[in-house]
Amino acid sequence: MPQQLAIIVLVDVSNALASSTLEGNTYLFDNMKLHGSVNQGTGELVTAINGSYWRDGSQASEQVLNWLPYSLGSIPPTVPRGYEVERARQTDEDALAELQELAAKSTVPSADAEAELNRIRRNVGTRVKTTRRTRGRMSGQKIVDVMGQVVTEDATAAASYPAPVITDIYGEAVDSKIMYPAEYGSPDMVTDGWYWSATVDTSRPGTYSYMMRIQLHKLVQTNGELRWDPVNLTCASALKITSEPRRNAFTKAGVGQLPIPATRPGRDA
């Protein structure tokens, strides 16, 4: 079975939403740089797919691709998906403790008590309204910044954007039956349990383009309530399938024995 290739789709969500395009706001990486992929770290990545063949030239196996979308300038993807829930619960507990302390100090309304209540209200953060289109992980969550601190409705510029979501992969490579993409479920705690994967037919060399439909989320305020509105954009990329003999990533030569010196260092000098 061939190595499974990962393609990182890193999106500058803030700029993409501001300009309503992923062009110039998407950075693609894969783990095939030493095997022929070009334009790493740009929006013009061409992923090298080096076929696997038997001695008689027939195809040995297909190639497997996995796409992993991440948001630039947001909470790191290595943070477990329950992190926002834990932060929200902690701020609720802190606010409750402060309210109990405030009530114990005085039962008489005063300007100081009102100011203290407003401070607690700001610190407790703001929950996002749940809509039919934003059910799931973001339902009822508080808005947090990249440091994991809750933010209020008057400081949403610091909000950490939810990770981009790939909702479809299509285009020339799919229409030509070179690539067979599908969304799969996984118990992975970081990618939220869903990811896009594809099997690639490596028996037909050539360069094939494909498109990704990516959903971002924009924080909007309506009637005094905040919610994440989905925004669907598209991003292009390509695969280059070759039937060239495999190369050793260290020596750049064909697959075979490594060029071990005839005499070992420190001996027979």
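This is a predicted model: local features need pLDDT of at least 70, side-chain atom pairs count only at pLDDT 80 or more; totals for chains, interfaces and linings use all residues.
1. Four strands, in the order S3-S11-S10-S7, form an open sheet with mixed pairing. The edges are taken by strand S3 (46–50) and strand S7 (165–170). Each of these has a single partner strand, so one side of each is left without a neighbour in the sheet. From one strand to the next, the twist averages 30°.

2. The pairing of S10 and S11. Strand S10 covers residues 206–222 and strand S11 covers residues 225–242. The two run antiparallel and are joined by 17 bridges. As a reference point for the reader, Leu219 has Trp228 in S11 standing opposite.

3. Aromatic pairs. The structure holds 3 aromatic pairs. One of them is formed by Trp67 and Tyr210, whose ring centres are 5.7 Å apart. Their planes stand at 70°, and because an angle over 60 degrees counts as edge-to-face, the pair is assigned to that class. Trp67 belongs to strand S6 and Tyr210 to strand S10, so the pair ties together parts that are 143 residues apart in sequence. Both Trp67 and Tyr210 are buried.

4. Asn66. Strand S6 also contains Asn66. Its relative accessibility is 14%, and because the limit for a buried residue is under 20%, Asn66 counts as buried. Leaving aside residues up to four places away in sequence, Asn66 touches Gln4, Leu5, Ala6 and Ile7, and also Tyr195, Trp196 and Ser197.

5. Ser71. This residue lies in strand S6, which spans residues 63–71. Is Ser71 buried or exposed? Ser71 is buried, because its relative accessible area of 12% falls under the 20% limit. Residues up to four places away in sequence not being counted, Ser71 touches Leu10, Val11 and Val13, together with Tyr161, Pro162, Ala163 and Pro164. Of these, Pro162 is 91 residues from Ser71 along the chain, yet the C-alpha atoms of the two are separated by 7.2 Å. The side chain of Ser71 also makes a polar contact, at 2.8 Å, with the side chain of Ser74.

Methods
Residues are numbered from 1 along each chain as its sequence is written. Side-chain values use heavy atoms; hydrogens and water are left out. Buried means under 20% relative accessible area, exposed over 50%, partly exposed in between (1.4 Å probe, protein chains only). Contact means heavy atoms within 4.5 Å. A polar contact is a pair of N or O atoms within 3.5 Å; within protein, one must be able to donate a hydrogen and the other to accept it, and residues adjacent in sequence count only if both atoms are side-chain atoms. Two strands pair if DSSP finds at least two bridges between them. Axes are lines fitted to C-alpha atoms, for helices over the stretch in contact, and angles run from 0 to 180 degrees between N-to-C directions. Rings of Phe, Tyr and Trp (its six-membered ring) pair if their centres lie within 6.5 Å; planes under 30 degrees apart count as stacked, over 60 as edge-to-face and the rest as tilted.
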